[in-house]
Amino acid sequence: MALQGTIKDFGLPDIFQLIGLQRKTGILTLSNDRDKETVTVTFENGMVVMADSSGRRLEDRLGNVLVKQGKLSRERLEEALGVQKQTLQRLGHILATSSAITTRDLRDALQVQIAQIVFRVFRWRDGRYLFNAADTVDFDRENFVPMSADFILMEGIRMVDEWPIIEKKITSFDMVFRPVVDPSLIEVGAGTGPDSSSSSVDARGASATGKIRLGAEEERVFRKVDGVRTVQAIIDSTGSGEFEVCRTLFDFMNRNLIAPAGRDRTVQDERAEASAAAPAAPGYAVAALVSVLALAGTLVQCGSPFAVTGLAGVLPGTQDVVKDGVLQTRLVRLERAIEAWRATHGRPPTSLDDLVKAGLVERSYLFDPWSRRIRYEADASGYRLSASDEPGRPGASVDRRGGR
């Protein structure tokens, strides 16, 4: 029996969760009228094994990325495309068997490109979905490692949470950045990067020795920043995912290692940077916590899809625990939005509605899982968020005082 509906009624995290838990095999078709795009995601036993997009086919994307990475010449790509038309074989198979690229290059490129297609749909605000179950599906079993629904959910929710903040500074993939520091000062070191809790980099991006320590992946991205390449060109040339590259560039901007290219800085650029200049805390460590809690939260909306005859509810008897997790997720997300607001305005917002108007959170975050409005108090010394999961029972809270 097909599962279908709209993304507004039943979100993508819930769809992936359902297919993963039920270990379904089949094809999920997602369509977006606004962008005129259709994405298909293939599942086998609840694992993602293939994805493609009508906007830019996987094989077209795969070949172009390999060329831009310097792993494949344009001539060899054209030859492989000619063979593909005659034999109808997969482009990756043709390239690997003809030794045009290595098997490892193909596997790495496939993993990144399929993941990007899947993760991009998590940013859709509307659209339709249709899942058709099947006994078997076709995919490149030799060169693609299936991705679990749990992994997709964790990464997808993390991206949805962090993209709005990143987009305050990186407003378009057509943006061009230039290095602010001398590239000769860059050195590769372990334990650095946006996910690291300890770093020797000061506010200017330099260590006490005058060297700028970057992780290996960070250094690879930094070397592509030359005042000429666009963000999209950097993504293509590194072979990394869009989110990973943009998050690294965002971190570089916060550390004053790069800046938008061009002699003139527009008012819009300055406002975008000011709006996104949230303090490092709670940082990416908390973002990881948000992802875990949000994953639990996706189980809450188990009404619509499980109303289908023959399907039982997910994890019965755990509703209170799950709702507690959703409450914690919303409090942490609100805290991050308040800190972003305070970094721009020098004070906490007057009310949580200000965060919604500024586009920092969705309105649903202003209410707890029991549909009660989350309480917010602010004064010159800081602010307090609080909520209770039952009437008369103390609940979770966030209290930030002393102008942190």
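Tutor: This is a predicted model, in which local features need pLDDT of at least 70 and side-chain atom pairs count only at pLDDT 80 or more, while totals for chains, interfaces and linings use all residues. Residues are numbered from 1 along each chain as its sequence is written, and side-chain values use heavy atoms, with hydrogens and water left out.

Student: What makes S3 and S4 a pair, and what lies between them?

Tutor: Two strands (DSSP runs of E, at least two residues, numbered from the N terminus) pair if DSSP finds at least two bridges between them. S3 (residues 37-44) and S4 (residues 47-53) have six bridges in the antiparallel sense, so by that definition they pair. They form a hairpin with two residues between them, and asparagine 45 in the turn has a positive phi of about 55°. Glutamate 44 stands opposite methionine 47 in S4.

Student: Why is H6 called largely enclosed?

Tutor: Buried means under 20% relative accessible area, with a 1.4 Å probe and protein chains only. In H6, 13 of the 18 residues are buried, so the rest of the structure largely encloses this helix.

Student: Where is H6 kinked?

Tutor: The kink, of about 30°, lies at valine 160, shortly before proline 164; the bend is the angle between axes fitted to the seven residues ending at a residue and the seven starting there.

How values were computed. Helices (H or I, at least four residues) and strands (E, at least two) are DSSP runs, numbered from the N terminus. Buried means under 20% relative accessible area, exposed over 50%, partly exposed in between (1.4 Å probe, protein chains only).
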